Protein chains: 2
Amino acid sequence: MAKISALSGFPEWLPAERIVEQHVIDTFRRVAELHGFSGLETRAVEPMSQLLRKGEIDKEVYVLRRLHAEDDGADADPDRQLGLHFDLTVPLARYVLEHQNDLAFPFRRFQIQKVWRGERPQDGRFREFYQADLDVIGQDVLPDHIEAEVAIVMAEILAQLPLPGFTIHANNRRLSEGFFTSIGLTDIPAVLRSLDKLAKIGPEKVAELLVADAGATDEQARACLAFAGIRTADDSFGQQVRALGASGEMLEQGIAELAAVLRRVNAAVPGACVADLSIARGLDYYTGTVFETFVHGHESLGSICSGGRYDRLAADNRHTYPGVGLSIGLSRVVSRLLSTGSVRASRPVPTCVLVSVADEEHRTASEAVASRLRARGIPTEIAASAARFGKQIKAADKRSIPFVWFPGAEGKEDQVRDIRTGEQVAADAGTWTPAAEDLRPQIISESTAVSEA
Amino acid sequence: MAKISALSGFPEWLPAERIVEQHVIDTFRRVAELHGFSGLETRAVEPMSQLLRKGEIDKEVYVLRRLHAEDDGADADPDRQLGLHFDLTVPLARYVLEHQNDLAFPFRRFQIQKVWRGERPQDGRFREFYQADLDVIGQDVLPDHIEAEVAIVMAEILAQLPLPGFTIHANNRRLSEGFFTSIGLTDIPAVLRSLDKLAKIGPEKVAELLVADAGATDEQARACLAFAGIRTADDSFGQQVRALGASGEMLEQGIAELAAVLRRVNAAVPGACVADLSIARGLDYYTGTVFETFVHGHESLGSICSGGRYDRLAADNRHTYPGVGLSIGLSRVVSRLLSTGSVRASRPVPTCVLVSVADEEHRTASEAVASRLRARGIPTEIAASAARFGKQIKAADKRSIPFVWFPGAEGKEDQVRDIRTGEQVAADAGTWTPAAEDLRPQIISESTAVSEA
């Protein structure tokens with residue numbers, strides 16, 4: 001017999017945990033749609049030539065092979081060999097190019113799908129997990145104000161999730177580049193790569209890297225660290241940068257852009273966003289605002305939601321596609337919330353009412369009650385067996401179903417019992433209504449209860 | 001540059017098409033939850049030893065390999081080698097065994113996920129597609145009435161989908177076996193396999209198969225074909241079976257069970273179910289009622305929703321898990337509805353209102369309007385650029401957004417225009433409400449309009 005066991009890196013939830021994950025997905029979708037983003041799904045696979053296009057060999061790709069594949073060389077041809085997508089950005093770039101004639105730009109899309117990474121199992125990382133992405137893609141042009149807009153939508157999503165609190169940390173690539181150039185540094189990518197390691201290896205090691213890899217003097221390295229230490233909730237970061245002796249047109253443009261983002265995001269979702277000049281985002285392709293997001297009390301998770309402005313998501317002979325995007329590592333967040341016990345569902349089933357069955361001959365009467373309740377949107381099931389009532393109540397209790405319904409014998413009224421309190425009252429299936437918080441499973445977080453609407 | 005193109009067998013939708021698919025998924029989920037089914041997701045991968053457990057070598061499995069896998073033999077060990085699941089039943093069996101101590105039985109679950117099959121590309125079949133499954137799993141026991149119950153839930157789902165009409169065809173394994181045994185046939189699996197090909201190869205070829213493979217005489221073969229020709233909307237099928245000269249306890253039990261299923265399903269969803277004794281379901285593991293479902297006018301699709309009763313989904317040393325399940329080939333249905341033009345979304349975006357921007361200095365005023373509309377659940381976006389109003393209206397029109405909002409200049413009232421009629425009226429963002437059918441994209445089917453609620 002095949003071994004039955006959990007697979008390391010492939011998280012799977014029990015029904016009550018899945019309700020929490022579904023709530024997070026539903027919330028993301030609801031807010032994104034409210035802002036006019038279209039829900040998109042792309043196929044799970046891409047040609048290996050697409051997946052390896054950016055030379056990101058550090059991404060551990062899962063390659064597919066058909067068990068009964070013909071030996072026709074397809075496995076060796078990178079245009080025909082298929083792999084599972086490791087993020088939702090590579091598929092988006094391909095989708096936009098493929099369907100550019102059928103899309104209206106700016107194209108606003110959200111996408112919530114599993115991605116796969118063939119990480120080493122000993123790293124304890126997920127190999128299969130949900131990402132939830134929000135992007136606005138322009139054709140050739142994309143106004144700057146989209147940077148704040150995408151951050152606002154994401155802040156509204158995060159504010160509605162059962163998180164203990166979060167802060168979006170923003171920086172601006174022009175601000176960073178303008179500063180580094182102004183103090184005489186030239187290898188900007190190397191500077192960004194070094195600073196990106198700040199949280200991991202600390203300032204001393206970063207200073208060494210800046211000298212060794214980015215060609216900085218000790219003084220320049222100190223200035224970079226001072227720069228990366230600037231974090232303000234208002235736009236005073238500009239003053240502090242200038243006080244480090246930097247100046248220039250690009251720097252001032254970056255300062256103005258970041259100030260605008262900060263102002264607009266905080267106007268929409270007060271306190272959601274701070275300027276944090278340590279945010280480097282190692283990747284080359286960002287060109288404007290960059291974002292990372294931390295959950296209060298769970299900073300060890302690292303950034304749970306990152307992204308920014310890129311001027312070239314994709315391009316062909318006719319068009320270039322700039323974009324602004326943010327991506328939540330949804331499974332990682334859900335996993336943390338569940339494993340720390342800070343969020344749970346009030347019950348593991350959607351069921352609000354269990355209709356009891358007096359005996360199998362009267363099952364039809366129970367079905368009639370259930371139909372009437374469901375017709376009014378009340379999730380209802382019928383007892384699986386006509387056991388004695390005590391046993392039926394126990395079965396409901398085991399699954400935390402709050403109400404058990406007793407159809408009345410001929411001529412008598414129905415009764416409904418709240419099995420948490422034991423209170424039992426006469427009720428009519430055409431009019432009885434449970435409390436709003438009992439209708440569906442509630443998402444209960446440490447501090448507040450959020451309805452799974 | 002890597003080639004950008006569609007991949008044969010991996011369907012992908014444009015935003016308006018995705019709205020139709022999402023509507024089908026949402027409908028399935030809503031009805032399933034109303035009946036107390038828990039939404040489940042399992043990981044996309046299973047050990048190859050699980051996937052090949054039933055020796056179903058005809059299933060074309062996609063095997064995974066990590067691009068940078070260590071050469072540690074994992075690729076050769078079927079307990080460690082991973083493949084993509086090809087259905088949702090194998091994962092359910094594994095999940096139930098793995099989590100049996102954390103589940104309450106009967107366990108009611110629905111599951112809507114992509115599955116993958118490495119079919120030959122020339123067959124024109126999907127290699128990645130959604131399945132939507134509904135199962136009730138018992139521990140050691142599962143009452144018979146669950147067979148009708150699962151069919152009722154599925155009939156309610158199908159009745160709410162934008163289908164031109166459907167019929168669930170039901171048969172009963174005991175009825176078939178009782179009949180075949182009664183007329184003297186012994187190799188029942190061979191008889192079922194032969195009859196399962198009726199739609200594909202026709203009665204003459206099936207008669208030849210029955211003689212050649214199932215050891216039937218010509219007379220027995222004729223009786224089987226007469227049996228398989230019985231199709232009734234009421235329980236008169238029983239009379240017709242007996243009229244063929246068959247009798248016996250198992251036969252009568254099967255007749256009674258099928259009559260009960262027919263009566264209960266049609267009581268709940270009138271006209272949804274017929275008895276069709278040609279339904280054989282080739283697979284060994286069914287033991288009671290079996291179902292296939294056909295869409296009116298699209299019979300060439302074959303059965304879009306099949307399943308039945310099985311007495312042994314999974315088992316270990318302590319328990320056996322019987323179940324009743326039905327599964328919709330969701331992508332195939334959606335693909336057919338879209339490709340024949342019989343269903344479409346009224347617009348490709350969730351957006352109901354586009355708030356225009358007079359000039360970039362007044363973008364804040366437009367944002368304030370949008371916030372007030374969204375706070376009342378109205379999907380709203382803001383014009384991406386402060387182009388002249390004619391251009392902004394055209395941008396809304398291109399995406400079929402029904403309303404454009406014009407924030408009033410200082411002191412003046414706002415105006416909203418229905419760009420389909422050109423009608424423009426004064427409006428307040430705190431009270432204006434669109435018609436219910438304009439709030440969200442509508443699913444429009446050939447005959448009726450269904451709201452994407």
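Student: What is the relative accessible area of E149(A), and is this residue buried or exposed?
Tutor: The model is a predicted one, in which local features need pLDDT of at least 70, side-chain atom pairs count only at pLDDT 80 or more, and totals for chains, interfaces and linings use all residues. Residues are numbered from 1 along each chain as its sequence is written, chains are lettered from A and ligands numbered from 1 in the order in which they are written, and side-chain values use heavy atoms, with hydrogens and water left out. Buried means under 20% relative accessible area, exposed over 50%, and partly exposed in between, with a 1.4 Å probe and protein chains only. On that scale E149(A) is buried, with a relative accessible area of 9%.

Student: Which residue forms a salt bridge with E149(A)?
Tutor: A salt bridge is a side-chain nitrogen of Lys or Arg within 4 Å of a carboxyl oxygen of Asp or Glu, and here the closest N and O atoms are 2.8 Å apart.

Student: Which element of chain A holds both R94(A) and E98(A), whose side chains meet in a salt bridge?
Tutor: The N to O distance in this pair is 2.8 Å, and R94(A) is buried at a relative accessible area of 1%, whereas E98(A) is partly exposed at 22%. Because the two residues are four apart in one helix, R94(A) and E98(A) are separated by about one helical turn, and that helix, covering residues 89–98, is α3.

Student: Where in chain A do D428(A) and R372(A), which form a salt bridge, lie?
Tutor: The closest N and O atoms of D428(A) and R372(A) are 3.2 Å apart. The pair ties together parts that are 56 residues apart in sequence, because D428(A) lies in the loop between β18 (424–427) and α14 (436–439), and R372(A) in helix α12 (residues 363–375).

Student: How many salt bridges does a search of the whole structure find over all chains?
Tutor: Side chains of opposite charge can pair when their charged atoms come close. Some of these pairs join into a network, in which E12(A), R43(B), E46(B), R94(B) and E98(B) are linked. Over all chains, the count of salt bridges is 48.

Student: How many disulfides are found over all chains?
Tutor: A disulfide is a pair of cysteine sulfur atoms within 2.5 Å. C273(A), buried at 2% relative accessibility, has its sulfur 11 Å from the closest cysteine sulfur, in C305(A), which is too far for a bond. The number of disulfides over all chains is zero.

Student: Which element gives the largest share of the lining of the largest cavity?
Tutor: A cavity is, on a 1 Å grid over the protein atoms alone, a set of points where a 1.4 Å probe fits but cannot get out, and lining residues have an atom within 4 Å of a point; seven cavities of 30 Å³ or more are found. The largest cavity holds about 800 Å³ of space, a volume being the space filled by probe spheres set on the points, which are joined across faces, edges and corners. Of the 44 residues lining the largest cavity, those closest to its centre are E41(A), I112(A), R18(B), Q22(B) and Y130(B). The largest share, seven residues, comes from α1(B).

Conventions:
1 Å grid on protein atoms, 1.4 Å probe; cavity = no way out; pocket = protein on both sides within 12 Å on 5 of 7 lines; lining within 4 Å.
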